[in-house]
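I opened this entry to keep track of what I looked up in the structure. The notes follow in the order in which I made them.

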Amino acid sequence: MEWKSLPAELQEEILFRIPAKSLARLRSTSKRWNALLKSGRFANMHTAIAPTESLIIMLKDSRVYLASVHGVHNNVAPSIELGSRLYLKDPHICNVFHCDGLLLLCTIKENRLEVWNPCSGETKLIKPRHNYYKELDFYALGYDDKSSCKKYKVLRMDLQGPVLGEFEIYDFTNDSWRVLGAATEWIFGQNNPVSVKGNTYWVVYCRGLPYNKVLLRFDFSRERFQSLSLPQPFPYVIAALSVVREDKLCLLGSQDLHLHIWVTTSIGSVMSWSKFLKMQTINPRWHMFPSGMSFLADEHNKVVVYCRNRILHIVGENNHIQHVDDHGSDSTSRPSCSVLLNYIPSLAQIQ
């Protein structure tokens, strides 16, 4: 049976099950395909039904690359291979944030904040409210999911201005910033935030209680912060977050030579955690890792991968740490990988 003779509903059901990267190539074949694949209704259905295609993105030398890790469980020397460079423009990117298949790129030198869908090529430049961006500020991308279609927003946290902790929202629907208030109850440090289901999460300190860490969520629908519980007790000096399979938070806690990894079993007003990895590392400098470290966790193979000082570290359940630089060689002249994250291609449309 020819494709054109199939009912439109059946055509869409078939297309819903094709990975986003493959579908994106069809947009240039006809106006009909382009209109269908650009529709918000189709994008939402595709996200819900299509098989998940998880890729690794690395920010290296101020540029964004696809990457792949080899040798994690094949008893060979581990290595990381840089693939194609995703972002073909040439600004100096200082940070990248992933949400719903979209990347938020912060480029301080060129004074640019840009939201970009690598799968479709769609981009949107965001103008700063103060005509400049500050490198130590936090930026995060999320969405309001209370309406029929996702409404994307950008959160900015001011960590060095006259009003410490002031936060504001950029709303895509009216192309403007709004100041919401000041988050004075918490100390954010340099933790990298992550996104799960449109909301942003950090591990932060409670102000006045320097050893009391909490999980902080910013709800983009309600536009407010909420303090949530970490696994208890949580005495760890180092704490960092990552994302597993789009819908799970992954938490790393480390103190001295001990490393613990948890994943969420449920996310809501009450958080439920399950520990899936516990080890004693052999690296005497583990406790010196910066709080803003970037890592990925493989829940199935019980492996953690992180970047530090040009070196890729792979930590397995057997407590063994292997080291390779970010091209698998011995060079010490390259700047370090600063961000390592999972990227899920999608057909999400930027308003």
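I began with the cut-off for burial: a residue counts as buried when its relative accessible area is under 20%. The model is a predicted one, and I kept that in mind throughout.

Cysteines. I looked up cysteine 250 and found a relative accessible area of 0%, so this residue is buried. Cysteine 119 has 14% relative accessibility, which is under 20%, so cysteine 119 counts as buried as well.

Serine 346. I located serine 346 in the segment after β25, a strand that spans 337-343. Is serine 346 buried or exposed? Its relative accessible area is 6%, so I noted serine 346 as buried. I next listed its contacts, leaving aside neighbours within four places in sequence: Ala20, Asp100, Gly101, Asn117 and Cys119. Cys119, one of these contacts of serine 346, is the buried cysteine from the entry above. For Asp100 I also have a distance: a polar atom of the serine 346 side chain lies 2.8 Å from the backbone oxygen of aspartate 100.

Threonine 265. I found threonine 265 in strand β19, residues 258-266. Its relative accessibility is 55%, and the cut-off for exposed is over 50%, so threonine 265 counts as exposed. Beyond four places in sequence, I noted contacts of threonine 265 with Ser272, Trp273 and Ser274. I also took the C-alpha to C-alpha distance from threonine 265 to aspartate 247, which is 9.7 Å at a separation of 18 residues in sequence.

Confidence. I read a mean pLDDT of 77 for the protein chain, with 78% of its residues at 70 or more. Which elements have the lowest and highest mean pLDDT? Strand β24 (residues 321-325) has the lowest, 56, and strand β13 (residues 194-196) the highest, 94. I marked two stretches where pLDDT stays under 50. Over residues 287-291 the model has eleven contacts beyond four places in sequence; over residues 326-335 it has 25.

Whole chain. I counted four helices and 25 strands. Of the 351 residues, 50% count as buried. Among contacts between residues at least 6 apart in sequence, 48% join residues at least 24 apart.

Conventions: Residues numbered from 1 in each chain as written. Predicted model: local features only at pLDDT ≥ 70, side-chain atom pairs only at ≥ 80, totals over all residues. Heavy atoms only, no water. Buried < 20%, exposed > 50% of the residue type's maximum accessible area, 1.4 Å probe, protein only. Polar contact = N/O pair within 3.5 Å; in protein donor to acceptor, adjacent residues only side chain to side chain. Contact = heavy atoms within 4.5 Å. pLDDT = per-residue confidence, 0-100.
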